Amino acid sequence: RKPKNYPPGPEWLPIVGSMLVVKKLRDQTGYLYRATAELANTYGPVVGLRVGKDRQVVCYGYAAIKEMLTKEELDGRPQGPFYETRTWGTRRGLLLTDEEFWQEQRRFVMRHLREFGFGKRTMSELVEAEALQLLKMFEEKMKTDPSEFDGVKGTIVPMRDAFSVYVLNTLWSMLASIRYSPEDGELKTLQALLTELFASIDMVGALFSQFPFLRYVAPEKSGYKQFISIHQRVWKFLKAELDNHKDTFKENSPRDLMDVYLEMLHSQEKKPSFSESQLLAICMDMFMAGSETTSKSLGFGFLYMLLYPEVQRKAQEEIDRVIGRERTPTLNDRPNMPYIEALVLESVRVFMGRTFSIPHRALRDCTVQGYYIPKDTMVIANFNGVLMDQEFWKDPEVFRPDRFIDADGKLNVPDQYLPFGFGKHRCMGQSLARSNIFLFTATLLQKFTFHVPPNEPPPHTNGVDGVTPSPGEFNAFVTLRS
Ligand code: HEM
């Protein structure tokens with residue numbers, strides 16, 4: 001039965017709850033975020049659902065989302081088999097842990113990442129080095145695989161996955177001093193598996209999390225088997241690196257986050273939340289939270305730039321004015337390049353405007369916008385309701401970085417812009433993500449212009465649904481700037 005004053009929403013049927021209504025809307029609209037947006041149109045900005053065993057509340061619109069993200073009672077993360085299976089049946093990591101355990105671990109990781117890359121100097125070095133590698137890859141492609149249309153020379157580049165290894169390398173250098181070659185077979189397989197995993201589950205779980213008995217009666221169909229097998233591959237990959245670190249570990253000379261964590265494991269000050277499996281879970285969370293999100297923002301950004309060539313032109317004008325063509329861009333250029341900064345914000349907006357936050361959980365009974373939220377309810381923000389809000393942005397579907405530039409030409413970020421979350425669980429990688437997108441975009445646009453290939457239709461902006469949305473596969477015809 002619905003609790004009294006629970007947020008309004010569709011009827012709850014025995015066992016399935018409101019699942020069939022959500023599923024029908026999802027089938028009609030093609031996306032979970034659109035299905036819950038439809039529900040918000042009918043029931044208001046806080047929608048109460050039950051899917052299988054889970055009570056789920058979806059917040060839509062700025063007021064509800066801000067309240068949800070800042071309310072301490074809602075700082076829990078969901079519990080249950082789905083969230084624990086990924087870390088060996090216990091709660092581990094940073095993304096899906098809460099209370100004291102999470103606070104201790106988050107604090108430790110944030111403090112030490114500053115030494116190994118989140119600090120201003122180290123971050124510049126890492127991101128600049130990767131941007132140059134990315135540039136080299138495009139230059140090589142130009143030489144080895146040229147194309148020509150109507151006398152214009154260039155090359156065709158599949159763009160959707162063009163950035164992922166370089167993004168991952170900046171993160172992985174900090175965590176484990178590793179850089180992968182874009183040709184690394186194992187990494188490619190792993191990234192392909194993650195893309196598959198991300199497309200097959202949702203932020204609110206999977207069928208086997210809402211109906212746990214399906215793990216036993218329909219392990220294949222419920223997605224359980226695939227979920228486990230992909231995680232096993234990720235664990236094996238990460239464990240090999242951890243073993244390598246343990247073998248080469250030297251006391252008092254930490255090379256990266258893995259080493260400082262290992263040092264902590266041997267220290268007298270070690271608190272119970274620290275363990276080897278927790279270190280692996282942190283790496284896995286960073287791997288999942290850090291690389292997919294940033295690469296997909298870049299993917300959407302470049303997809304939209306194909307459709308809005310004037311955005312590229314404006315960005316290139318700024319690059320020519322501030323940097324010129326001789327030296328490559330650096331992170332120190334950021335304060336002088338509001339348009340590219342705005343382009344970064346706009347790329348993240350169109351990506352996150354198609355998805356949800358990581359789910360929160362009510363640690364205690366509380367309210368959101370006056371509605372009753374019982375303890376252990378999953379509460380989730382549909383960012384579509386705030387990042388694509390028609391009333392606020394006026395033309396949310398248009399790719400227009402200028403919306404973040406004020407009358408004096410300065411960057412202006414409104415409160416409604418919260419794709420990195422807010423409050424105590426806010427994203428740990430915001431500055432790294434924004435630095436990567438800034439420098440990768442500026443470095444490529446300084447040398448190249450990106451066009452829809454003349455023999456292909458323009459790519460569509462819909463994207464592929466999943467935990468995080470991904471642009472569909474698309475090609476760009478890339479030409480050298482004259
Ligand atoms: C464009 C890129 C990114 C976007 C849009 C993004 C967005 C978010 C959002 C919305 C949250 C959830 C906030 C909440 O639950 O209240 C989050 C959490 C998190 N992000 Fe990111 N993120 C990005 C990149 C990164 C990167 C590069 C890293 C790795 C360094 C990272 C690590 C994390 C972690 C560890 C959390 C969990 C924080 C916690 O629960 O305390 N993210 N991110």
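Modeller: Two strands pair if DSSP finds at least two bridges between them, and a strand is itself a DSSP run (E, at least two residues), just as a helix is a run of H or I with at least four residues, both numbered from the N terminus. We are looking at a predicted model, where local features need pLDDT of at least 70, side-chain atom pairs count only at pLDDT 80 or more, and totals for chains, interfaces and linings use all residues. Residues are numbered from 1 along each chain as its sequence is written.

Biologist: Happy to start there! How do you know that strand 9 and strand 10 pair?

Modeller: Four bridges join strand 9 to strand 10 (residues 475-480), and the two run antiparallel. Since at least two bridges are required, they count as paired. One example is T449, whose bridge partner in strand 10 is T479.

Biologist: What sheet has antiparallel pairing, and in which order do its strands come?

Modeller: An open sheet of four strands, in the order 3-4-10-9. Strand 3 (146-149) and strand 9 (448-451) are the edge strands, each pairing on one side only. From one strand to the next, the twist averages 45 degrees; angles run from 0 to 180 degrees between N-to-C directions, with axes fitted to C-alpha atoms, for helices over the stretch in contact.

Biologist: What packs on the sheet?

Modeller: Helix 6 (residues 120-144) does, touching strand 3, strand 4 (152-158), strand 9 and strand 10 (contact means C-beta atoms, placed from the backbone, within 7 Å). The direction of helix 6 makes about 120 degrees with that of strand 4.

Biologist: Why does D408 count as exposed?

Modeller: D408 has 7 C-beta neighbours inside 10 Å, which falls within the cut-off, so D408 is exposed. D408 sits in the loop between helix 17 (390-393) and helix 18.

Biologist: And what makes S177 partly exposed?

Modeller: S177 has 16 other C-beta atoms within 10 Å, so S177 belongs to the in-between class. S177 also has a positive phi of about 55 degrees although it is not a glycine.

Biologist: How do you know that the span of helix 18 agrees with its 18 residues?

Modeller: The expected span is 1.5 Å times one less than the number of residues. For helix 18 (residues 430-447) that gives 26 Å, and its end C-alpha atoms are 26 Å apart, which agrees. Helix 18 is mostly covered, with 15 of its 18 residues buried.

Biologist: Last one: how confident is the predictor in the protein chain?

Modeller: pLDDT, the predictor's confidence in each residue, runs from 0 to 100. The protein chain averages 92, and 98% of the residues score at least 70.

Definitions and conventions:
Contact = placed C-beta atoms within 7 Å. Buried ≥ 20, exposed ≤ 12 C-beta atoms within 10 Å, placed from the backbone.
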